[in-house]
Each structure stands twice: as structure tokens, then as C-alpha cells.
Amino acid sequence: MTELTYTDLVADPSTGELELSDRASLRRVAGLSTELSDITEVEYRKLRLERVVLVGVWTEGTAEQSEASLAELARLAETAGSEVLEGLVQRRSKPDPATYIGSGKVRELFDIVVATGADTVICDGELSPGQLRQLEERLKVKVIDRTALILDIFAQHARSREGKAQVELAQLQYLIPRLRGWGESLSRQAGGRAGGANGGVGLRGPGETKLETDRRRINKRVAKLRREIAAMDTIRATKRGRRVANEVPSVAIVGYTNAGKSSLLNAITGAGVLVENALFATLDPTTRRAATPDGRTFTLTDTVGFVRHLPHQLVDAFRSTLDETADADLLLHVVDGSDPAPEEQVNAVRQVLAEITRSHESPLPPELIVINKADAADELALVRLRHLLPGAIVVSAKTGEGVAELVEALAERLPRPDVVVDALVPYTRGELVARVHSEGEVLTEEHLPEGTRLSARVRPDVASALEDYAVHGSPA
């Protein structure tokens with residue numbers, strides 16, 4: 001009997017499976033010190049989140065909405081690699097300007113931190129530098145906000161050079177107003193004689209604090225990152241322009257984080273990108289080619305996921321990536337059908353899309369809503385979603401249910417070539433027939449002794465190439 005090896009039993013892993021295996025081996029490190037020896041270390045910095053307590057301020061909406069927001073914060077914290085111990089919600093008309101939750105709740109939160117042995121507190125909102133300092137002084141543990149948590153997840157999951165540069169830029173923009181130091185780090189770097197014999201004219205006096213040095217170096221790094229991202233954006237625009245010149249229709253997949261966008265891309269194109277049941281599992285956009293049932297080619301682009309209160313630093317840093325959505329011919333808006341409040345996810349995504357539209361100064365492309373995870377969703381919830389989102393298509397990227405119907409709907413909504421040709425192409429010009437099949441829509445095809453008789457919808461440049469073979473004064 002022949003002995004089977006491991007490679008005989010297991011198929012070659014996809015790119016996404018390899019990335020997932022690599023991510024599982026990630027080990028967290030301490031960081032976030034503002035006293036930087038090398039400013040580039042921000043790119044690799046990870047928050048030390050091990051045992052955390054969550055705290056939120058409920059200012060509007062229902063109690064269920066505030067609890068759902070805190071539950072989402074818990075999922076974000078778990079994605080970052082922490083263990084959530086406790087959660088606390090404070091009902092206020094607006095956050096306290098000094099401590100975010102008020103002095104009474106701070107004392108209660110301190111007792112919870114001591115009782116649970118937590119080493120980090122995460123606030124469900126963006127803290128001002130003053131609030132951050134006050135809370136750390138009173139709680140005696142590290143305090144971070146929702147924005148810093150999301151930035152940390154992005155820093156872990158970015159893989160491409162462009163993605164890492166965008167995340168580092170967002171981290172630095174967040175860090176600049178929050179720089180602070182203690183003890184000798186706030187002392188002046190003396191100029192003149194106190195700084196040595198080579199102080200020179202103009203360098204005498206109080207000098208510069210370590211804080212100011214950090215801020216100056218960060219600003220220089222930010223400027224350099226902006227130049228690098230602009231250059232990468234030029235490359236992306238060139239590729240996008242090539243697709244536009246070839247008139248290849250494009251579809252952008254958008255949606256809330258963990259709605260199943262990457263799974264849907266894999267189901268339609270077999271791309272094999274990373275799929276993980278975690279928030280912001282994939283950040284780097286992936287573009288794959290696909291074909292409609294009638295043979296027309298189009299591209300599918302998986303974009304970064306959205307979330308409620310997406311940090312504005314990320315929207316700014318990922319502007320070039322998000323602009324892919326504004327330039328697409330169709331938006332495939334993926335909604336998690338198993339989520340308790342999917343309509344809130346839809347509203348959060350549309351808010352970010354509206355912001356992109358304002359900066360892009362052009363209307364958004366048409367939208368096709370896809371309700372994913374039908375295998376995990378309640379039937380009554382799906383009926384309610386169909387009523388709330390008329391025209392939506394229900395699919396399950398995991399089981400393949402509804403994917404064929406989705407591809408047919410894409411074919412109907414994608415722009416069609418506008419020139420109808422009727423041509424008899426000799427067999428010696430088989431490349432023209434292949435071009436019609438790949439770039440146009442074949443209506444009828446017949447093989448005759450003289451050649452291939454085609455009736456098809458094509459672009460003007462393809463129609464021009466077929467002009468010599470037009471039959472009976474066809475539109476070509």
C-alpha cells in the first residue's frame with residue numbers, strides 16, 4: 001500500500017490562507033511611547049492590549065444602540081488581541097470635557113480596574129489630549145480611545161507598501177496633538193555656551209524641547225509620506241486610466257467591516273484572498289477580472305471596510321483607495337444579513353460614501369445591495385431586510401447560494417457596448433472573433449464556409465476593426 005504524504009491530502013493553500021497563517025503567528029509588543037528614537041517605528045508600533053475594560057458614553061439613541069456600540073468596541077478590542085473583562089456605559093447629554101465620563105464614574109471605573117486587574121481602558125469615542133491625560137492620571141493605567149484602537153488594527157493588518165504608508169500617515173496625524181513627555185524629556189536643549197563651544201549665533205537661548213523635536217520630525221515624516229502616497233496614487237490612476245481607455249467595466253465592493261466582501265470576491269472570481277471572521281481583516285484593495293454569463297469582461301475591486309465613526313485620519317490617508325469607489329461603474333454594497341442592526345451598517349457606509357463624493361466632486365455610481373450571510377441569518381430578518389432594501393439580492397458567499405443570480409444582476413447593470421455590428425470574419429482573422437467575444441456582447445454567431453458570421457454589440461474601436469468585413473451595410 002502506497003503511503004500518502006501530507007501534500008497528497010492537502011491542496012496548495014491560497015494567498016489568503018497563507019496570510020491568515022502568518023497573522024495567527026503574530027506576537028504583540030509594547031509601544032506607543034511618544035519619546036521616539038526613530039520616527040519610522042510608528043509604522044510597526046502596536047498597542048499593548050491584554051486585559052481591558054471598556055467604557056462608553058450614551059448621548060443619543062436607544063439603550064440597545066449604545067450596547068451594540070460597546071459590543072462592537074469589544075469585537076475591535078478582541079481583533080487587536082486583547083481580553084475584554086468588563087464594560088461600562090455612562091448616560092450623559094454630552095461627554096465630560098475633562099474626563100469624558102465625569103468624576104463620579106471615573107472613581108467607579110478605577111474600582112473596576114483594580115478589581116479586575118485590567119491594564120488598559122478603552123473609551124468608545126475619540127478623546128481629546130486633555131481627557132486622555134486626566135484619565136491616565138486618575139486610573140493609573142493606559143487609556144486609549146476608539147480611534148487609536150482602529151489604527152492599531154490597521155497597523156497589524158496592512159501588507160502592501162501603500163497600505164503601510166497610509167496607516168503610518170494616519171497614526172502620525174493622530175499622534176501629533178497627543179505628544180507628551182515627562183521629567184527630563186521636557187527640559188530645553190540648551191544653545192550657546194551651555195550647549196558647547198559650537199553653539200554659534202542664533203542658537204543661544206532656551207533651545208528646543210524634546211517634545212518640539214519630536215513634533216518637528218513627525219511633521220517632516222508626514223510630508224514625506226504624503227509625497228510617497230501621491231506617487232502611489234499616480235500609479236493607481238494610471239492603471240485605472242488604462243482600464244477606462246479599454247472600457248473595461250469596473251465594480252467596487254463596499255460595505256461594513258466583516259460583512260463578507262472578501263468572501264464574495266472569492267465566490268465570484270476565485271481570487272483566494274484572505275478571509276477571516278474579524279473586523280478589518282483585509283485592508284489592501286484587491287482587483288480581479290471576471291466575466292458575465294454572456295462573456296463580457298469586468299473587474300471587481302474589494303475595498304477597505306467601513307465602521308461607525310471611522311476615524312477621519314483614516315478617511316484622509318486612504319483617500320486614493322476610496323476613490324476607486326467613485327470611479328467605478330457600479331457599487332456592490334454588501335450588507336451582513338446576520339447582524340442585529342444591518343440598517344445602521346448601511347447608513348454608516350453611505351455616510352462615508354457621501355464624504356468621498358463631496359471630495360471627488362462627482363456623483364456616486366449606481367448601487368446594487370447584496371445581503372450576505374443568508375445561511376446564518378434569521379428568515380424573518382431577511383424578509384424585513386428585503387422590505388427595507390427593495391431590489392436587494394440575498395446570497396451566501398460561504399455556501400454559494402444566490403451567487404449565480406448576483407452575477408446575472410451584475411451583467412444586467414453593467415454598461416453595454418453601444419455599436420451593433422454584423423460582419424463575416426474570415427477564419428484567417430480569428431483574433432478579431434476572439435476580441436469580439438472578450439470585449440463585446442455576441443448576439444448571434446454562425447460558422448459558414450467563408451468564415452464566422454457575427455452579430456454583436458461592440459465598442460467603436462472594435463467596430464472600426466470589423467468595418468472591412470461588414471455585411472449588407474451593417475452599422476459597422
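Guide: Before we start, a quick term: two strands pair if DSSP finds at least two bridges between them. And keep in mind that this is a predicted model.

Visitor: Got it. In what order do the 4 strands of the open sheet run?

Guide: The order is S2-S1-S3-S4, and the pairing is parallel.

Visitor: Which strands are at the edges?

Guide: Strand S2 (83-91) and strand S4 (142-145), and each of them pairs on one side only.

Visitor: How many degrees are neighbouring strands turned against each other on average?

Guide: 20 degrees, with direction ignored.

Visitor: And over how many bridges do S1 and S2 pair?

Guide: Strand S1, residues 51-58, pairs with S2 over 8 bridges, in the parallel sense. If you want a spot to look at, Leu54 stands opposite Gly87 in S2.

Visitor: What does helix H3 touch on the sheet?

Guide: H3 covers residues 63-79 and touches S1, S2 and strand S3 (120-123) as it packs on the sheet. The direction of H3 makes about 150 degrees with that of S1.

Visitor: Which strands does helix H6 touch?

Guide: S3 and S4. H6 is residues 146-157, also packs on the sheet, and its direction makes about 85 degrees with that of S4.

Visitor: Switching to the whole chain: how many helices and strands?

Guide: 16 helices and 15 strands.

Visitor: What share of the residues is buried?

Guide: 48% of the 476 residues in the chain.

Visitor: And how much accessible surface does the chain have?

Guide: About 23400 Å², and 51% of that belongs to carbon and sulfur atoms.

Technical notes:
Residues are numbered from 1 along each chain as its sequence is written. This is a predicted model: local features need pLDDT of at least 70, side-chain atom pairs count only at pLDDT 80 or more; totals for chains, interfaces and linings use all residues. Side-chain values use heavy atoms; hydrogens and water are left out. Helices (H or I, at least four residues) and strands (E, at least two) are DSSP runs, numbered from the N terminus. Axes are lines fitted to C-alpha atoms, for helices over the stretch in contact, and angles run from 0 to 180 degrees between N-to-C directions. Contact means heavy atoms within 4.5 Å. Buried means under 20% relative accessible area, exposed over 50%, partly exposed in between (1.4 Å probe, protein chains only). Accessible areas come from the Shrake-Rupley method with a 1.4 Å probe; for residues, only the protein chains shown count as cover.
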